[in-house]
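Please look over the sequence and the model shown here before reading on.

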Amino acid sequence: MKKLELVGSKAAPFYVEDCALEGVKKIVEKVCHDVELVSGKRPACISPSGQTETEAVLVMTLGHSELVQMLSGNGKLDTKKIDNKRECYIFSLVERPLEGLEQALIICGSDKRGTIYGLFHLSELIGVTPFVYWGDVKPKRRNCIYINEDVNMVSREPSVKYRGFFINDEWPCFGSWAVEHFGGFNAEMYDHVFEFLLRLKGNYLWPAMWSSSFALDGPGLANAELADLYGVIIGNSHHEPCLRASEEWDFYKEKDTDYGTEWNYRTNREGLLRYWEDGLKRSGGYENIITIGMRGERDSSMLGENSTLGENIALLKDIIIQQRRLIAKHVNPELKKVPQLLALYKEVEAYFYGDEETEGLKDWEELDGVTFMLCEDNFGNMRTLPKKEWRKREGGWGMYYHLDYHGSPISYEWVNSTPLTKIWDQMTMAYEYGIRDIWIVNVGDLKFEEFPLGYFMELAYDFERWGTAHPNQTKAYTAEWIGRQFGDFAGESEQSELAWVLEEYVRLNGYRRPEALNASVYHPVHYMESDRMLERAEKLEERAMQLLRFLPQECQNAYYSMIYYPAMASANLLKMHLYAAKNAIYGKQGRNGTNMLADKVRACICRDKELSMKFSSLLDGKWKGMEKAKHVGFTHWNDEDYRYPIRYMLDPADEPRLVVTKKDETAHYTSGYFKEVMEIKDFLSYGKEQLTLEIINGGSGSFLWHLEGKCDWLTFSAVNGTVGDQMEVILTLHREQIIIEEGEEEAVVSADFKITAGTETVFFRVYARKISLCKIPEGTFLESDNGFVIEANHYAYKKDTEAGYYIELEDFGKYGIGMKASPVTEVFEEGQEPSLTYRLWVENAGAYILELHTAPGNPVTIDASVLRCRITVNNESEILLNSIHSGYQAGNPACEEWARGVLENEHVSETVVNLKKGLNLITFCVVDAPLTLERLILYQEGRKPAEAYFGPMESYLTEG
């Protein structure tokens, strides 16, 4: 096998022709630095005319290389596979390509970016990942580097044409960091951003825009010139037309210019046209996607609330006609060769569609060739997507997606809170609906969003590998990503731990975004929800800290930078709110532990600040500023009036007091005059084999207690003890000890007990039940005291049809599972829907409320106002049910149903079904494919499950 010694006693040179593109030459220098980073030896970058070596790397770009023709002529290079393709490259080890050159690695791009991607592919092969700067990933040192011919390849053409990210909401973090380290949003800073984008095989950037102007801050045009040199295509956000940043207007309107001072096309038409014309004259020669149209100042509507739809559309048409006239004059008279974008964001979407009386922009010929940029609901859920007849339109479609958002109902701008499974679910839907021209993602401050950004970019680049045809591959991507960043130093078990910590912190944040957390979210006792979440947060902290102790020093910085800090800070924030919730209820119950929990809340507040300070000092303050995002206790949509949790303090009684409670209920029992009996009915339901009592001291000092009572079918983890604050006693049911009398189908038993401490006594009665299961089919849910709780993937049987089928989404959504219909573009006709059928064994015939818990998705075409499904009971009665209600407006903060859905990470709809005693079948048929089922809950009136964020645990499911 052929082998090239890239680094041995010395480094093989990179041969770059004098006629090569300047941007390619700059990237070659960066790759030479990568080689030096790995080996300590820096390759020379020289012209092939000065060739003296026997081994080299030949760097070429079609149309900008004399070597291409020469090597094609001697049979060493076949460019047919990349001719007329965009952003592709040949990566090939060949023998004797040139006289005197024994061996060479050829990197030949179909265009500038193709060559650059090929160069960075070499960097990745030698161990330098795209996260070398932004993720502090240190490559393994190697004295020798060999390239074998098994690396030979021809790259794919990217799936999505324009792929990139938007630095946004950049204060106080990214802005503070940029000023601290670079003096501002200048070319020195953007060099790092451009390099990261290109290493991720992206090509498109919306620059930071809150307080900066890309075309002014370089200084001057240095930012734009550097972007153009590298082949980074610059765009602007939805309210920044004609290559001018929002901040530019604020700057110029205060000056003595002929632009005027009003951002109002009606009153300042000529001034704005001059302003836009100068922007096109200044920056139109660079590679851009030009945003057209107009919105009001500061992300508002143009004409205000009192204007009509027709007035806005007419005005916008005039604006677009004049803007495109200026583009033709100053950029290219062939307008269809100039990439242009109209963002259908907020009110502009209404202008696009129009209404029954007013024709919108969607069929306007002036927009032929212009890309229509859509947006999800700002919380990662698709909304209006192109109808089938629009998907092939000239100009195509784009999607503006969010990993960060500054807006209602509550902003999320701190660390990553979007699981990869959500990105896959929603962006594959966008792709299937024909959105394949532009993908741009809001990454906020960029730092802490490296991991989901990498996935987003990989999905856009190679959809065939990661997209619709490959569901449930996000864990594989995570494992692969961890391997690339840490695999040179961390073993398999450590990599597995790294992946778990990364996924778990994002999963916890995905349940409820950190800024939207407070002490009322997770219930302090019901279903032991807070305890279960505390256990997960503590486990996350423990495993994250253990990795920090034992990971090799070489990858400590990368771990701390990308995983450890956001994981630890997220776990600590969650604990803060959980402790606050328990502190409040402990205070109401008069527990001694109230003050201890208040201290824990305070400790978490201090820990939050400590973690931020430590992060800011990492690598001598490399990321100082990035830790400044407010993230605790938002009371409004932003951090205005944010607050730390309220803490309750208790002055205990002077003497010990006996208090007993069931750990998953709020009620507490004391030794009162009327001797109230605590009734425990948990064991009447199958699937509940243990429960926990808490014996609590509601006063000072301590007390001795003992339990009286006994039965064959129940045991206790302790029957006596000493309590200072509190003590747990676990009750275990032995259902096999309950005897069903001959001829009976069930047995119900009870036993009385009391807990005594000194002169105080609390009485309780325990009930239990056993039924004969022989007549109940396997795969049947049994009813509990609160009815039925069914996870969507636990169906008795599934029916796929020619029209569609179900995909089980793993590690998805609020409950860890989702059943999603495919194809996602389908609206299923009655009788053609795929279906899921669930078996239930009902104790009491009658009317049951059925709750459907579905993913917080939206209707995705302009014609759809609801998401529908059909519910059939026992193959007879049928109900057409909407998962959302009429009047629903995705993305509109005034729509309470939408706002509640994105905060609670689900939609809940309900109907009434009539069930018979015994075996029942409930069949779920999706009508609108974007509807994803996660859970079903059924209960009779008056038996609704207790309040909790996640609700009750799943009901007992019989086995065969």
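## A parallel strand pair

In this predicted model, strand β14, which covers residues 371-375, pairs with strand β15, residues 397-402, in the parallel sense and over four bridges. Within this pairing, Phe372 has Trp397 of β15 as its bridge partner.

## The sheet around the pair

The two strands belong to an open sheet of eight strands, whose order is β11-β10-β9-β16-β15-β14-β13-β12 and whose pairing is parallel. At the edges stand β11 (233-234) and β12 (290-291), and because each has a single partner strand, one side of each is left without a neighbour in the sheet. In general, the strands of a sheet pair through backbone hydrogen bonds, in either a parallel or an antiparallel manner.

## The chain as a whole

The chain contains 20 helices and 38 strands, and its C-alpha trace spans about 100 × 75 × 60 Å along the principal axes. A compact globule of 960 residues would have a radius of gyration near 30 Å, so the 32 Å of this chain agrees with that expectation. Of contacts between residues at least 6 apart in sequence, 76% join residues that are at least 24 apart.

## Burial, surface and charge

Of the 960 residues, 60% count as buried, a class that requires under 20% relative accessible area. The chain exposes about 37,800 Å², of which carbon and sulfur atoms supply 46%. Its side chains include 104 positive and 148 negative ones, and the centres of these two sets lie 2 Å apart.

Technical notes. Residues are numbered from 1 along each chain as its sequence is written. This is a predicted model: local features need pLDDT of at least 70, side-chain atom pairs count only at pLDDT 80 or more; totals for chains, interfaces and linings use all residues. Side-chain values use heavy atoms; hydrogens and water are left out. The radius of gyration is taken over C-alpha atoms; the globule rule is 2.2 Å times the number of residues to the power 0.38. Buried means under 20% relative accessible area, exposed over 50%, partly exposed in between (1.4 Å probe, protein chains only). Contact means heavy atoms within 4.5 Å. Accessible areas come from the Shrake-Rupley method with a 1.4 Å probe; for residues, only the protein chains shown count as cover. Lys and Arg count as positive and Asp and Glu as negative; His and the chain ends are not counted. The place of a charge is taken as NZ of Lys, CZ of Arg, CG of Asp or CD of Glu. Two strands pair if DSSP finds at least two bridges between them.
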